[in-house]
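Have a go at each task before you read its solution.

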Amino acid sequence: REGCDLMVIGAAGDEGSYHAGKLALFLMRNSSCPVLVVRPGRSNRQPKVLAAIDLESEADLALAERILGQARELIRVLDGELHVLHVWSAYGES
(Lines give C-alpha, C1' and ligand atoms only; values in the text may rest on other atoms or scores of the structure.)
Protein backbone atom coordinates (compact mmCIF):
# COMPACT_ATOMS: atom_id res chain seq x y z
CA ARG A 1 0.00 0.00 0.00
CA GLU A 2 2.92 2.36 0.72
CA GLY A 3 4.83 1.54 -2.47
CA CYS A 4 7.74 -0.17 -0.68
CA ASP A 5 10.50 -1.99 -2.56
CA LEU A 6 11.34 -4.28 0.37
CA MET A 7 9.70 -5.03 3.71
CA VAL A 8 11.88 -6.16 6.64
CA ILE A 9 10.33 -7.87 9.67
CA GLY A 10 11.88 -9.55 12.70
CA ALA A 11 11.38 -13.26 13.39
CA ALA A 12 9.60 -14.37 16.57
CA GLY A 13 10.83 -16.86 19.13
CA ASP A 14 13.40 -17.58 21.78
CA GLU A 15 17.13 -18.00 21.22
CA GLY A 16 17.67 -21.00 18.95
CA SER A 17 14.01 -21.57 18.00
CA TYR A 18 12.89 -18.81 15.67
CA HIS A 19 9.87 -18.94 13.42
CA ALA A 20 8.30 -16.52 10.98
CA GLY A 21 5.14 -15.97 13.01
CA LYS A 22 1.61 -15.27 11.83
CA LEU A 23 2.24 -11.66 10.81
CA ALA A 24 5.35 -12.51 8.77
CA LEU A 25 3.57 -15.38 7.01
CA PHE A 26 0.59 -13.13 6.23
CA LEU A 27 2.89 -10.48 4.79
CA MET A 28 4.89 -12.98 2.73
CA ARG A 29 1.67 -14.33 1.21
CA ASN A 30 -0.09 -11.02 0.62
CA SER A 31 2.53 -8.29 0.20
CA SER A 32 3.07 -6.70 -3.20
CA CYS A 33 6.79 -6.40 -2.42
CA PRO A 34 9.44 -8.88 -1.20
CA VAL A 35 9.50 -9.57 2.55
CA LEU A 36 12.78 -10.15 4.42
CA VAL A 37 12.42 -11.98 7.76
CA VAL A 38 15.44 -11.36 10.01
CA ARG A 39 16.43 -13.53 12.94
CA PRO A 40 18.12 -11.57 15.76
CA GLY A 41 21.46 -12.58 17.24
CA ARG A 42 22.93 -14.21 14.13
CA SER A 43 25.58 -11.60 13.28
CA ASN A 44 28.50 -14.05 13.60
CA ARG A 45 27.26 -16.26 10.73
CA GLN A 46 27.11 -15.73 6.99
CA PRO A 47 23.65 -14.32 6.17
CA LYS A 48 21.36 -16.59 4.15
CA VAL A 49 18.74 -15.08 1.85
CA LEU A 50 15.80 -17.20 0.69
CA ALA A 51 14.09 -16.02 -2.49
CA ALA A 52 10.70 -17.74 -2.86
CA ILE A 53 9.43 -17.48 -6.42
CA ASP A 54 6.51 -18.73 -8.52
CA LEU A 55 6.84 -19.41 -12.23
CA GLU A 56 3.24 -20.26 -13.20
CA SER A 57 2.45 -17.25 -15.43
CA GLU A 58 4.08 -14.36 -17.30
CA ALA A 59 3.23 -11.98 -14.44
CA ASP A 60 4.90 -14.39 -12.02
CA LEU A 61 8.06 -14.39 -14.15
CA ALA A 62 8.37 -10.61 -13.93
CA LEU A 63 7.90 -10.71 -10.15
CA ALA A 64 10.39 -13.59 -9.85
CA GLU A 65 12.98 -11.51 -11.72
CA ARG A 66 12.44 -8.61 -9.28
CA ILE A 67 12.69 -10.91 -6.26
CA LEU A 68 15.87 -12.58 -7.55
CA GLY A 69 17.41 -9.21 -8.43
CA GLN A 70 16.80 -7.86 -4.93
CA ALA A 71 18.03 -11.11 -3.36
CA ARG A 72 21.25 -10.97 -5.41
CA GLU A 73 21.79 -7.38 -4.30
CA LEU A 74 21.26 -8.34 -0.64
CA ILE A 75 23.76 -11.18 -0.78
CA ARG A 76 26.25 -8.91 -2.53
CA VAL A 77 25.93 -6.23 0.16
CA LEU A 78 25.79 -8.70 3.08
CA ASP A 79 28.31 -11.16 1.62
CA GLY A 80 25.64 -13.80 2.05
CA GLU A 81 24.41 -17.04 0.57
CA LEU A 82 21.42 -17.22 -1.81
CA HIS A 83 18.80 -19.96 -1.66
CA VAL A 84 15.93 -20.10 -4.17
CA LEU A 85 12.63 -21.83 -3.42
CA HIS A 86 10.05 -22.79 -6.03
CA VAL A 87 7.08 -25.01 -5.19
CA TRP A 88 4.95 -26.60 -7.88
CA SER A 89 1.83 -28.74 -7.98
CA ALA A 90 1.76 -32.09 -9.73
CA TYR A 91 -0.45 -32.26 -12.80
CA GLY A 92 -3.96 -33.41 -11.85
CA GLU A 93 -3.41 -32.75 -8.15
CA SER A 94 -6.41 -31.08 -6.57
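Asp 79 is exposed, with a relative accessible area of 59%. "Exposed" here stands for over 50% relative accessible area, "buried" for under 20%, and "partly exposed" for what lies in between (1.4 Å probe, protein chains only). The model is a predicted one, in which local features need pLDDT of at least 70 and side-chain atom pairs count only at pLDDT 80 or more, while totals for chains, interfaces and linings use all residues. Residues are numbered from 1 along each chain as its sequence is written, and side-chain values use heavy atoms, without hydrogens and water.

**Exercise 1. Find where Asp 79 sits, and describe its phi.**

Step 1: locate the residue. Asp 79 belongs to the loop between helix 2 and strand 6. Helices (H or I, at least four residues) and strands (E, at least two) are DSSP runs, numbered from the N terminus.

Step 2: look at the backbone. Phi of Asp 79 is near 55 degrees, which is a positive value in a residue other than glycine. Most residues other than glycine have a negative phi.

Step 3: look across the chain. Lys 48 is part of strand 5 and counts as exposed, at 60% relative accessibility.

**Exercise 2. Which residues of helix 1 (residues 21-30) are buried?**

Step 1: pick them out. Gly 21, Ala 24 and Leu 27 are the buried residues of helix 1.

Step 2: check how they are arranged. They lie on the same side of helix 1 because they cover an arc of only 85 degrees around the axis, an arc taken from the directions from the helix axis to the C-beta atoms.

Step 3: turn to the other side of helix 1. Lys 22 and Arg 29 are exposed there.

Step 4: take one more residue. Leu 25, also placed in helix 1, is partly exposed, with a relative accessible area of 34%. The C-alpha atoms of Leu 25 and Val 35 are 9.4 Å from each other.

**Exercise 3. Find the salt bridge, and say where its two partners lie.**

Step 1: search the whole structure. One salt bridge turns up, where the term asks for a side-chain nitrogen of Lys or Arg within 4 Å of a carboxyl oxygen of Asp or Glu.

Step 2: name the partners. The side chains of Arg 76 and Glu 73 form it, at 2.5 Å from N to O.

Step 3: An α-helix has 3.6 residues a turn, so residues three or four places apart point the same way.

Step 4: compare their cover. Arg 76 is exposed, at a relative accessible area of 57%, whereas Glu 73 is partly exposed, at 39%.

**Exercise 4. Which element gives the most to the lining of the largest pocket?**

Step 1: get the volume. About 1,300 Å³ of space lies in the largest pocket.

Step 2: go to its centre. The lining has 38 residues, and the closest to the centre are Val 35, Leu 36, Val 37, Leu 50 and Ala 51. On a 1 Å grid over the protein atoms alone, a pocket is an open set of points where a 1.4 Å probe fits, with protein on both sides within 12 Å along at least five of seven lines, and lining residues have an atom within 4 Å of a point.

Step 3: sort the lining by element. At least two residues each come from helix 1, strand 4 (35-38), strand 5 (48-53), helix 2 (58-78) and strand 6 (81-86). Helix 2 gives the most, with eight residues.

Terms used
Grid points are joined across faces, edges and corners, and a volume is the space filled by probe spheres set on the points.
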